[in-house]
Amino acid sequence: MASIRINNVKMSGIAACVPSRIVENKDSELFTQEELTKLFDSVGIERRHCVPDGVTTADLCQAAAEKLMADMQIEKESIDALILVTQTPDFRNPATSIILQDKLGLPKTTLAFDVALGCSGYVYGLYVMSSLVSAGHIKRALLLVGDTASLTSSPLDKSRNLLFGDGGSATLLEFDADAAPMYFDLGSDGSGYQAIYTPHSGYRNRVTPESFEMVDYGDGIVRAKVHSWLDGMEVFGFGISRAPKTVKSLYQAFNIQPDSIDYFLFHQANKMMNGKIVSKLGIPEEKAPTNLKNFGNTSCASIPLLFVSDVKKHQKENMSFILCGFGVGLSWATAKVDTQNLFISDLVLHA
């Protein structure tokens, strides 16, 4: 497990975008009313923002980036780097970040590349981009993070169908020799990759007509091999075990006092899982906000979306955060970030 300190980087601004289209879980015809009540009690999701046909992760991240740059009056020519973290890109190639460089009107000198990560992706992306900025050659950078996970599930798969919403985000990072250090704890365990995966989606198992055949696996799970699969019990066990460990590892590595933290922003997996993580760490509930009720699990967008949906309401000039993402991979990443006058844009609703 890697524990790392990054100097000279300031998190200056953050924005998030979700589709304006809202899907109410209570309207699902796949579940009985009793099942829906039990599902809400355990996962805490009442509704989700889901993209309509023709809207992609890139569109949501582009809208977030445009909002942030306009609100902060950032000159596009000043952006030196752009990273997109997503597992739902526009194409297998080229990298969607390069397409976004053009759509956002950024200079052709902009360094741009994609990072393919899900639930832990925001913190991993923050580490990668901060590492580049810290060296001093890149002065200002955009970290775009998002997924359209609602598109990856079978509409007949009860294990996933009502869990995932869509979102995109933009975070502005700048070189600042006076900025407080960022601290990271990162790790991965590929032996558990089948806990959340899409069997036919790349070049290990190429897509064929058989990839689209729907199979009934029982217990209300009907899906094809082009759909994403979820082993709920394995993911639950991983989350409630690994998330507290990585947070405690960061505490120990850098002598962080939990009482000094204003907010703990966890990946929004589900109500029961996050509740157990918060309880294990002894965190007061008011310091661990959740937006699952109205957005669902938005994959790597869930942490930046928390900044916009919840932190913005209670923002102070100087704040300390623990950010923790965990899931698909399996992978995990935790960071301590101190902010000063962090600019948080209002939530963008994409038509």
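**Exercise 1. Find the element that holds K245, then work out which charged surface feature K245 belongs to.**

Step 1: Start with the secondary structure of this predicted model. K245 sits in helix α5.

Step 2: Check the cover. K245 has a relative accessibility of 45%, so it counts as partly exposed.

Step 3: K245, K248, K276 and K280 come together as a positively charged patch on the surface. Two elements, α5 (232-254) and α6 (271-281), each give two or more residues to that patch.

**Exercise 2. N8 and Q73 have positive phi without being glycine. Where are they, and are they buried or exposed?**

Step 1: N8 has phi near 70°. Its spot is the loop between β1 (2-6) and β2 (9-19). With a relative accessible area of 21%, N8 is partly exposed; the cut-off for buried is under 20%.

Step 2: Q73 has phi near 55° and lies in the loop between α2 (57-72) and β5. Its relative accessibility is 71%, so Q73 counts as exposed.

**Exercise 3. Take the salt bridges E24–R47, K67–D71 and E210–K225. What does each one connect?**

Step 1: Get the total. The whole structure has 12 salt bridges.

Step 2: Begin with E24 and R47, whose closest N and O atoms are 3.1 Å apart. E24 is in strand β3 (residues 22-24) and R47 in strand β4 (residues 47-49), so this pair ties together parts 23 residues apart in sequence. E24 is partly exposed at 24% relative accessibility, while R47 is buried at 18%.

Step 3: Next, K67 and D71 meet at 3.4 Å, N to O. They are 4 residues apart in helix α2, about one helical turn. That spacing makes sense because an α-helix has 3.6 residues a turn, so residues three or four places apart point the same way. K67, at 27% relative accessibility, is partly exposed, and D71 is partly exposed at 30%.

Step 4: Finish with E210 and K225, with 3.1 Å between the closest N and O atoms. E210 is in the loop between β10 (196-197) and β11 (215-216), and K225 in the loop between β12 (222-223) and β13 (229-230), so the bridge ties together parts 15 residues apart in sequence. Back at R47, salt bridges with shared partners link E24, E46 and R47 into one network.

**Exercise 4. Zoom out: how does the radius of gyration of the protein chain fit the rule for a compact globule, and how covered is helix α8?**

Step 1: Count elements. The protein chain has 8 helices and 18 strands.

Step 2: A compact globule of 351 residues would come out near 20 Å, and the protein chain has 19 Å, which agrees. Its C-alpha atoms fill a box of roughly 55 × 45 × 35 Å along the principal axes.

Step 3: Turn to burial. Buried residues account for 56% of the 351 in the protein chain. In α8 (residues 302-309), 8 of its 8 residues are buried, among them I303, L305 and F307.

Conventions:
Residues numbered from 1 in each chain as written. Predicted model: local features only at pLDDT ≥ 70, side-chain atom pairs only at ≥ 80, totals over all residues. Heavy atoms only, no water. Patch = residues over 30% accessible without salt bridge, like charges linked within 9 Å, V, L, I, M, F, W, Y side chains within 5 Å. Areas by Shrake-Rupley, 256 points an atom, 1.4 Å probe, with all protein chains shown as cover. Salt bridge = Lys/Arg side-chain N within 4 Å of Asp/Glu carboxyl O. Lys, Arg positive; Asp, Glu negative; His and termini not counted. Charge placed at Lys NZ, Arg CZ, Asp CG, Glu CD. Buried < 20%, exposed > 50% of the residue type's maximum accessible area, 1.4 Å probe, protein only. Rg over C-alpha atoms; globule rule 2.2 N^0.38 Å.
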